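Me: Hi! I'd like to talk through a structure with you, a bit at a time. Here it comes.

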Amino acid sequence: MYVTSTKKTKKETITVKGVQGMSVQWLLEESIGVPFEMRYFEVEKNGSCPIHEHDFVHEVFIVKGKGIFVGGDKEKEVAAGDALFISPHEPHQCRNPFNETFGFICLIPKGLENEIKYRNDYGSNAEQK
Ligand SMILES: [Zn+2]
């Protein structure tokens, strides 16, 4: 068994172009043998990421506060306890128009760190909403 914590993991401010008020902590990474990597995100009040899409999935579980997720043509308010799935190539976005911090777990298939950790923008498909 491998155990870690948000208390032990480095909290990185996301500096990707178009992302505002978001941090990420990589909790379970490919290097320990997981098939899905687990990241914990926090979105401050008025924080958001641009609408974007990619060929891999997201599995999301909300753990703190509430926020808005956009997926395809749906837009939904979600709160702690809710889970959602973003399909490959489904345009999606998260944002927090509320007063409290919005925190969620997001799983992605392993091996995408070069695509995710070191990218510096969302490309021509990204747009602010
Ligand atoms: Zn995404």
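Me: What does Gly71 stand opposite in β6?
Reply: Gly71 stands opposite Lys74 in β6. Strands here are DSSP runs (E, at least two residues), while helices are H or I runs of at least four, and both are numbered from the N terminus. This is a predicted model, in which local features need pLDDT of at least 70, side-chain atom pairs count only at pLDDT 80 or more, and totals for chains, interfaces and linings use all residues. Residues are numbered from 1 along each chain as its sequence is written.

Me: Thanks! How many bridges do β5 and β6 pair over, and in which sense?
Reply: β5 (residues 66-71) pairs with β6 over six bridges, in the antiparallel sense. Two strands pair if DSSP finds at least two bridges between them. The two strands form a hairpin with two residues between them, and Gly72 in the turn has a positive phi of about 60°.

Me: OK, new topic. Which residues touch the most other members in the largest nonpolar core?
Reply: Met22, Phe41, Val43, Cys49, Cys94 and Phe104 do, in a core of 13 residues. β2 (20-28), β3 (36-48), β4 (58-64) and β9 (102-109) are the elements that give two or more residues to this core. The largest share, three residues, comes from β3. A nonpolar core is a set of buried Ala, Val, Leu, Ile, Met, Phe, Trp, Tyr and Cys residues joined through C-beta atoms within 7 Å.

Me: Let's stay with Val43. Why does it count as buried?
Reply: Because Val43 has 26 C-beta neighbours inside 10 Å. Val43 is found in strand β3.

Me: What is Val43 in contact with, leaving aside neighbours within four places in sequence?
Reply: Gly21, Met22, Gly67, Cys94, Arg95, Asn96 and Phe102 are in contact with Val43 on that count. Contact means that the C-beta atoms of two residues, placed from the backbone, lie within 7 Å. The C-alpha atoms of Val43 and Gly103 are separated by 6.3 Å, although the two residues are 60 apart along the chain.

Me: How about Thr101, where is that found?
Reply: Thr101 is in the loop between β8 (92-95) and β9. It counts as partly exposed because it has 16 C-beta neighbours inside 10 Å. Not counting residues up to four places away in sequence, Thr101 touches Glu42, Glu44, Lys64 and Gly65. The C-alpha atoms of Thr101 and Glu44 are separated by 4.9 Å.

Me: Back to the strands: how many bridges join β2 to β3?
Reply: Seven bridges join β2 to β3, and the two run antiparallel. Val24 has Phe41 in β3 as a bridge partner. Val24 in β2 also stands opposite Glu12.

Me: Last one: which part has pLDDT under 50?
Reply: Residues 123-129 do, and the model has 13 contacts beyond four places in sequence for them. pLDDT is the predictor's confidence in each residue, from 0 to 100. The mean for the protein chain is 90, and 88% of its residues reach 70 or more.

Terms used
A residue is buried if 20 or more other C-beta atoms lie within 10 Å of its own, exposed if 12 or fewer, and partly exposed in between; C-beta atoms are placed from the backbone.
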